[in-house]
Amino acid sequence: MIKIVSSLLILFCLSVNLQAENGHALWLRCQSSAPVSVVCSKKSIVTEIARQELLNGWQGQPGASVKLIVKQDKEVKGDGYKLTPEGVQANTDLGVLYGVYDLLRHQQTGETINPGVFNPSYERRVLNHWDNQNGTIERGYAGRSIFWRNTKDSLNVTEADKKLWREYARANASVGINGAVLNNVNANADVLTDVYLKRVKAIADEFRPYGVKVYLSAKFSAPSQVGGLATCDPLDPSVIKWWQAKVKEIYAIIPDFGGFLVKANSEGQPGPQDYKRTHADGANMMADALKPYGGIVMWRAFVYSASDNDRAKQAYEEFLPLDGQFRDNVIIQVKNGPVDFQPREPFSPLFGAMKKTSLMPEIQITQEYLGHSIHLVFLSTMWEEFLKSDTYQEGEGSTVARCTDGSLFPQKHTAIAGVANVGLDVNWCGHQFAQSNWYAFGRLAWDNKLTSGQIADEWLKLTFKRTVVENSDWQTNFLTPVKQMMLDSREAAVNYMMPLGLHHIMSANEHYGPGPWWAPKKMRKDWTPPYYHQADSVGVGFDRTHAGSDAVSQYHEPLHTLFDKEQTCPDEYLLWFHHVPWSFKMKNGRSLWDELCYRYNKGLHQVRDFQKIWDTVQPYVDEERFVQVQSKLRSQSRNAQLWKDGCLLYFQQFSKMPIPYEIERPVNNLEYLIRNDTTRHQNYEQ
């Protein structure tokens, strides 16, 4: 088996070198390596992969000797490792592999290897794939599923499948990701049946050498749908027995199965509340079945009902009363913000408030509300902002990161999840720069204190640097401007989409493009943009103050008071928490209306500047990737124009105020944009 692993790694690197730079190699592009001697204290499939990675990628002193040591050390936690220029020491084989990838990363980026201990921030670092068993992907923008397909032989496992799964697992291991949920949270119960579990086993077998565990989204109603039971009541003995038997069956097939992800009583999905039971009742029943095998339940807190109550408050109201009632192998998976992966949201108030329950952040790598795989938006800055947000729940410094990584509250398990952006496109993510978000998730999941600047620097060097280019020239003319473009890109998207706390004003069609006007008469209010922006002749924004929905009360002081007052609320959250008059004087002296105009205009011009930056770096990028990114930026610029024109012209109907004359005039008519809203998604790449 070890010889097979060695041969496969060598063939993989050779095949990458023979291909054009199409992006398939991600940040793992093989370069010519110097000779190196590798001595390992333990032989296993995992340590053999680590050894081969060094042999194939060594960029250090030719003829050097590297030691890989598996040895217990109290300073090292979990699959962490000690790293020196001479080698890696870890408690586990996987720790050695992670350390090797880090050593090679330092060499390839030119960073000095400072000896130290590198422990993961989170025990479980999981990608959530919203893949359906017919091969489609909900909110997927990079082709069809790498796990499932819709053909007559859809469950047969081919050598091409195995090769792709190994490449995927290797990419995950290289940044420390150690888990993958293989199917959509809007689950199909069939995935728990024998024919599908055989394919899951085949996937797990390819993932295992790279330390990636498989998880499944479980449908709460599976006992009825595929088990033939008359009920799914979590307290019914027959239901408990069914889940116990199903879990036993899964572990007999996949001994290292990670556990279940569950979306229950949300957006029409079945759950324990259908039987007048609580989320704790449902989660604990499944957790008890998994407990003997070391499995966990990741129970999503993304819940809301059709009501006039503020949707942003509902998860807090539903879950906080249950704090302390969940088993220790239940982790409540909470989206970063209280609504739904918007370009900017304040952190969910559940973080820090639930002190007796393990919570795991859920962030979205796939760009559902941020331009799909068309827009260049580096999301690390969003996640860094989120993780460093201070909840004040245990005093100053109670960041979201510390509330979830075990630093503040006792948690048997810690975890973080990212909704994946991976598909069958040759470059995996649909956009060359979307790969950076997969990379950034892995790096932040391993070390939640990293900065976005450091992550962008690493990714660009690993993904685009060519040894034929003189280093200082490349750094000045490519790395510096493109890195700044990445770091500015998320704020630019906020500016041309939803500035100053606006949220959920996108088109209903595929959540792409502007749609602040969209409000069919029979549609649920909380699925329409006017529910969120509340624009009228007086002003705009959702009143969540003590005089409105009182969502501010869910935040600990001093945030409660800070957010509650227009004068002290940060500009970036102003319209999230306040319905503000159009003439309101902003901190910079402009009226709210003028500031909105300037923000939208700034976002558009930022994207145009990105186009200029990218065009200047053409000599430093291979033709295929240069042309693809150039084309995407052109589309993004046209889309930013639509956002600016559509939102300003729509809101101007209420403000009755002129667009400042120094700002570029709209080039689209509002009537045209509204009329074409329902068809725009069909041509969004044009």
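Predicted model: local features only at pLDDT ≥ 70, side-chain atom pairs only at ≥ 80, totals over all residues.

1. The barrel. A closed barrel is formed by 8 strands, whose order is β6-β7-β8-β9-β10-β11-β12-β13, and their pairing is parallel. Leaving direction aside, neighbouring strands of this sheet are turned by 25 degrees against each other on average.

2. Strand β9 covers residues 259–262 and strand β10 covers residues 296–300; the two pair in the parallel sense over 4 bridges.

3. K276. This residue is placed in the loop between β9 and α8, the latter spanning 279–290. Is K276 buried or exposed? The relative accessible area of K276 is 80%, over the 50% cut-off, and therefore K276 counts as exposed.

4. F341. The loop between β11 (330–335) and α10 (350–353) contains F341. Here too a residue other than glycine has a positive phi, with a value near 50 degrees. The relative accessible area of F341 is 4%, under the 20% cut-off, so F341 counts as buried.

5. A cis peptide bond. Which form does the peptide bond from E557 to P558 take? The bond is cis, and its omega is near 10 degrees. P558 belongs to the loop that runs between β14 (539–540) and α17 (559–564).

Notes. Residues numbered from 1 in each chain as written. Heavy atoms only, no water. Pairing = 2+ DSSP bridges. Axes fitted to C-alpha atoms, helices over the stretch in contact; angles between N-to-C directions. Buried < 20%, exposed > 50% of the residue type's maximum accessible area, 1.4 Å probe, protein only.
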